[in-house]
Amino acid sequence: TQVPSITLNNGVAMPQLGFGVWQVPDDEATAVVSAALAAGYRSVDTASAYRNETGTGRALARSGVPRDELFVTTKLWNTDQGYDATLRAFDVSLERLGLDRVDLYLVHWPIPSAGLYVDTYRALERILADGRARAIGVSNFLPEHLERLLEETGVVPAVNQIELHPQLQQAAARAFHERHGITTEAWSPLGQGRGLLEVPTVVAIAHKHGRTPAQVVLRWHLQLGVVAIPKSANPRRIEENIDLFGFTLDDEDLTALAALDEGRRLGPDPASFSGF
Ligand code: NAD
């Protein structure tokens, strides 16, 4: 399987399809990530908060895949925000992953009530300058939060990872990102498997192409031009979710899927979320 890459604003290539590991327990992460690597995924999305960086790193090490063919993302958790705390938390993440650098390091949530995301991001700039991350970015940042970074810091985030699927299409955020050279990355691309995959429009398009609803939804992300990071712990679904390159959604399909946008989040609202 040849997954296309997207070129980030600093020239680094990022696979357009990656593998998410939220809610995979650490003691299962090695087997699950190994299955993903065997299926052809080369990009893995973890986070300090997922508590599975150790198991994920072990799968990367055991895979035999050359480090420069892997794209590893992890994220800075909310309780570690602040310049010095971020540098310390990054060291811990690298240690757990067993790596000397990551490909992408993200601020997991803005937590505007804490007032620390600018200082936090400055620590990411430091990590980038030191060559310990090939790219830096954010997650769950609203345009107003990105505006502050653009005004007060020096490195435009390479990526903003946000909730994005056919029922939350994020047109305004995508347009803002495009204007500023920020790549949009979609979390919960399958809507967490909660209902989206049973929506009649999605099921009908799947039947039409002889594909599954999950494949239709992920193909939609690819044709939208965003990065998607579906999660599954099931080897058959892991393979299904990367088998996206033998069909194309046509204009009629895209029009029908465009009509599913409800603007309703499954996850927290970044404007008010204050962490756990
Ligand atoms: P997802 O949308 O990828 O859905 C995963 C669920 O969908 C699975 O647990 C399973 O129940 C179902 N599923 C998967 N493949 C299927 C298939 N082929 N057929 C039928 N059902 C299938 O949900 P997610 O895990 O929330 O999101 C993906 C990744 O995004 C996460 O693992 C994580 O890496 C990232 N994420 C980031 C944030 C953030 O705040 N930055 C938040 C949530 C998720």
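These legends go with close-up views of a predicted model. Local features need pLDDT of at least 70 and side-chain atom pairs count only at pLDDT 80 or more, while totals for chains, interfaces and linings use all residues. Residues are numbered from 1 along each chain as its sequence is written.

View 1. Helices (H or I, at least four residues) and strands (E, at least two) are DSSP runs, numbered from the N terminus.

**View 2. The open sheet.** Its 8 strands line up as β3-β4-β5-β6-β7-β8-β9-β10, with parallel pairing (a pair needs at least two DSSP bridges). β3 (19-20) and β10 (227-228) sit at the edges with a single partner strand each, so one side of each has no neighbour in the sheet.

View 3. Strands β6 (residues 102-107) and β7 (residues 133-139) run parallel and are joined by 5 bridges. Helix α3 (residues 83-97) touches β5 (71-76) and β6, and its direction makes about 140 degrees with that of β5 (axes are lines fitted to C-alpha atoms, for helices over the stretch in contact, and angles run from 0 to 180 degrees between N-to-C directions). Val107 stands opposite Val138 in β7.

**View 4. Around Tyr105.** Beyond its neighbours within four places in sequence, Tyr105 is in contact with Thr74, Leu76, Phe90, Leu124, Ile127, Ala133 and Ile136 (contact means C-beta atoms, placed from the backbone, within 7 Å).

Conventions
Contact = placed C-beta atoms within 7 Å.
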